[in-house]
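This report walks through one protein model for a reader who is meeting it here.

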Amino acid sequence: MTATTAYWPPRHLTRNGRTRRQSTMDSEPRWLKELTTADSLRLLGSVAFGRMVFNQHALPAIRLLNHVVDDDAVIVRTHLGAAALGTVGMVVAYEADAIDAHTRLGWSVVVTGVARLVTDPDRVARYEQMLRPWVREQMVHVIRIDPEIVTGYEMLDGADF
């Protein structure tokens, strides 16, 4: 996104002789551009947190987690009592995005794959250095999601499409 495509501060519109600020509701709908797997994983790696989607007690559940992308896999750390630890061996989805609320421009990426526990001590130590926990819990487990399906979309205005 460039400064020329952003609509902040909002434009002023004249309607019936009155001037008012343009809200996001006045904006034109955005174009969706499908991203490549490489671009999707690069964008996913550019943000610090996302959402893991999984089944818990046969119902959908979502947890906010911080992550890193390493060797095209999503890496998260968790504590012993965390629901995310129960995802080991399950197919999960991991989603992250960066969307501007005012311009409605940005991107969204979803990685779908099997959550696997990382047990190699060298890799665990490496990920402990790369990924600092956000909560005051001892994060003793590392989970790796190897992408089987990667979908990414960028929302663009007409000038960028």
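His57 is exposed, with a relative accessible area of 74%, where exposed means over 50%, buried under 20% and partly exposed in between (1.4 Å probe, protein chains only). This residue sits in the loop between S4 and S5, and its phi is positive, about 55°, although His57 is not a glycine. Asp71, found in the loop between S6 and S7, likewise has a positive phi, near 55°, in a residue other than glycine, and Asp71 counts as exposed at 59% relative accessibility.

The structure is a predicted model, in which local features need pLDDT of at least 70 and side-chain atom pairs count only at pLDDT 80 or more, while totals for chains, interfaces and linings use all residues. Residues are numbered from 1 along each chain as its sequence is written, and side-chain values use heavy atoms, with hydrogens and water left out.

**Overall fold**

The protein contains 2 helices and 10 strands, these being DSSP runs numbered from the N terminus (helices are H or I with at least four residues, strands are E with at least two). Along the sequence they follow the pattern β-β-β-α-β-β-β-β-β-β-α-β. Of the 161 residues, 36% count as buried, and the protein exposes about 9900 Å², of which carbon and sulfur atoms supply 53%; these areas come from the Shrake-Rupley method with a 1.4 Å probe, and for residues only the protein chains shown count as cover. Among contacts (heavy atoms within 4.5 Å) between residues at least 6 apart in sequence, 69% join residues at least 24 apart.

**Helix H1 and the interior**

Which residues of helix H1 (residues 37-45) are buried? They are Ser40, Leu41, Leu43 and Leu44. Seen down the axis of H1, these buried residues fall within an arc of 160°, so they line one face of the helix; the arc is that of the directions from the helix axis to the C-beta atoms. Ala38 and Arg42, on the other side of H1, are exposed. The buried residues of H1 pack against strand S6 (68-70), strand S7 (73-78), S8, S9 and S10. Ser40 counts as buried at 0% relative accessibility, and beyond residues up to four places away in sequence, Ser40 touches Leu35, Val109, Val150, Thr151 and Gly152.

**Salt bridges**

A search of the whole structure finds 6 salt bridges, each being a side-chain nitrogen of Lys or Arg within 4 Å of a carboxyl oxygen of Asp or Glu. The table gives some of these pairs.

| Pair | N to O distance |
|---|---|
| Asp97 and Arg51 | 3.7 Å |
| Asp70 and Arg126 | 2.6 Å |
| Asp146 and Arg144 | 2.9 Å |

Asp70 lies in strand S6 and Arg126 in helix H2, so this pair ties together parts that are 56 residues apart in sequence. Asp70 counts as buried at 11% relative accessibility, whereas Arg126 counts as partly exposed at 39%. Arg51 and Asp97 also belong to a network of salt bridges that includes Glu95; Arg51 is partly exposed, with a relative accessible area of 26%, and Asp97 counts as partly exposed at 27%. In the remaining pair of the table, Asp146 is partly exposed at 29% and Arg144 is buried at 15%.
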